[in-house]
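Hello,

Here is the structure I said I would pass on. Please look at it first, then read the notes below.

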Amino acid sequence: MESNTRRKKMDSLAGINRQRVILVTYLIAAIDITCMFVQFSITPYLAKRLGFDTLWFGYLQTTVGVIQLLGGPVFGRFADIFGARAALSMSCMASVVFYVLLSLTDSTAMLFIHKLPTVAMHVLPGTQMVVADLTEPGKRADALAKLGLCFGIGMITGSSLGGTLSTRYGETCAACVAAVGSFVSLLLVLKFIPKDTKEQRVQEQSDKSRSLFNLGDITRLMKYPGVAKTFTVKITSGLPSGIFQVMFSIIAMNFFQLAAEQNGYLMAYFGVVQMVMQGAVIGPLTARYPESSLLLLSVGVASLVGLAQALMANVFQFCFIVVPMMFSLSMFNVITDSVLTKSVPSTDTGTMMGLCASVQSLMRTVGPTIGGFLYENYGVPSFGYIQCAINAAVFILLFKDRRSEKHKE
């Protein structure tokens, strides 16, 4: 009886229905990223108007990083226990509250308070879980890469929309538009996302007995074969580039001497390059080559990108570096997320995606402190040299590990 029920549930997600759910999931991700970049175009100017200096703006970024670092794994656990619809609904509702509070922000205290809902704002990891659950393991990397394409679309649309709305109608209007966008995402979740997307669902009694806040239930995923190694690579190799991204607004303003409008054009260029990489490059590569080879390639390219960043002298040179940089970042994130979700049971993909999201939150937490120290004492080239050295070391270790595995075979 139970097996028949499970078969019926998966039949309802098969064929065109399953594909429709995935397409709507992509749309939800694109809307969420668009709203996020609208917010990015508001917050720095709002903070400056409220008297924030660079130090206090760094504190604000760190606060968000800490909140999301704590919320990411719990959100993933919530998604595994209560299902995709409940998790994404909670995230979209938290986003609505976040943007409404942003529209009402008129003091320093409110600027910090409006960040509190970010503890539940994990739409992107939620959409990654849905896509991972509804795709075959062999096609998972390509499907996750298309979410990166949505990120590029959202980056371009959100940056342009946010700047235009803020300039012409004010920051409050831009925040309200973002709130409406998140509400539309909520309606899409309630209408199209199934209650549960898992092929395998543990028994209801077992679900209830597994605590949402049980740290052991979350960290036990590291005991699965290959998970701890891949997760360590994700943190170690990704940290230098993460610090550079956190500090990029300062680098663009002080090192490249870019005005706000020029910085917006550069961000749009980032989005276009990422769209090309995610839509036209990564998918075909993941279909043709093994993930271990592509992971090795992305780490090697990241090392060379770091060396190029250390030697660059102007924004024109950086525009050339952006192409391999976006390739390595996109490939690295897609492959590590794909490998990690394949390494755990389907009942735990949400928790795993929450842990992956926490890596980004960790970078936003420690990035401003480490990045600020490096920038003030050693300058922009230090970011590149550190990225080059760390990724070269990771590349050598991965290469040796791969050779030893081949010899065992």
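Phe244 and Phe318 are both buried, meaning under 20% relative accessible area with a 1.4 Å probe, protein chains only. The model is predicted, with local features needing pLDDT of at least 70 and side-chain atom pairs pLDDT 80 or more, while totals for chains, interfaces and linings use all residues. Residues are numbered from 1 along each chain as its sequence is written, and side-chain values use heavy atoms, without hydrogens and water.

The rings of Phe244 and Phe318 form a tilted aromatic pair, 6.0 Å centre to centre with 45 degrees between the planes. Rings of Phe, Tyr and Trp (its six-membered ring) pair if their centres lie within 6.5 Å; planes under 30 degrees apart count as stacked, over 60 as edge-to-face and the rest as tilted. Phe244 lies in helix H11 and Phe318 in helix H14, so this pair ties together parts 74 residues apart in sequence. Helices here are DSSP runs (H or I, at least four residues), numbered from the N terminus.

Phe248 and Phe270 are also buried. Their ring centres are 5.4 Å apart and the planes are at 50 degrees, so this pair is tilted. It links Phe248 in H11 to Phe270 in helix H12 (residues 260-288), 22 residues apart.

Ring pairs join Phe244, Phe248, Phe255, Phe256, Phe270, Phe318 and Phe383 into a cluster.

As for the helices, the axes (lines fitted to C-alpha atoms over the stretch in contact, with angles from 0 to 180 degrees between N-to-C directions) of H11 (residues 227-255) and H14 (residues 315-343) come within 11 Å and cross at roughly 150 degrees.

Regards

Methods
Helices (H or I, at least four residues) and strands (E, at least two) are DSSP runs, numbered from the N terminus. Buried means under 20% relative accessible area, exposed over 50%, partly exposed in between (1.4 Å probe, protein chains only).
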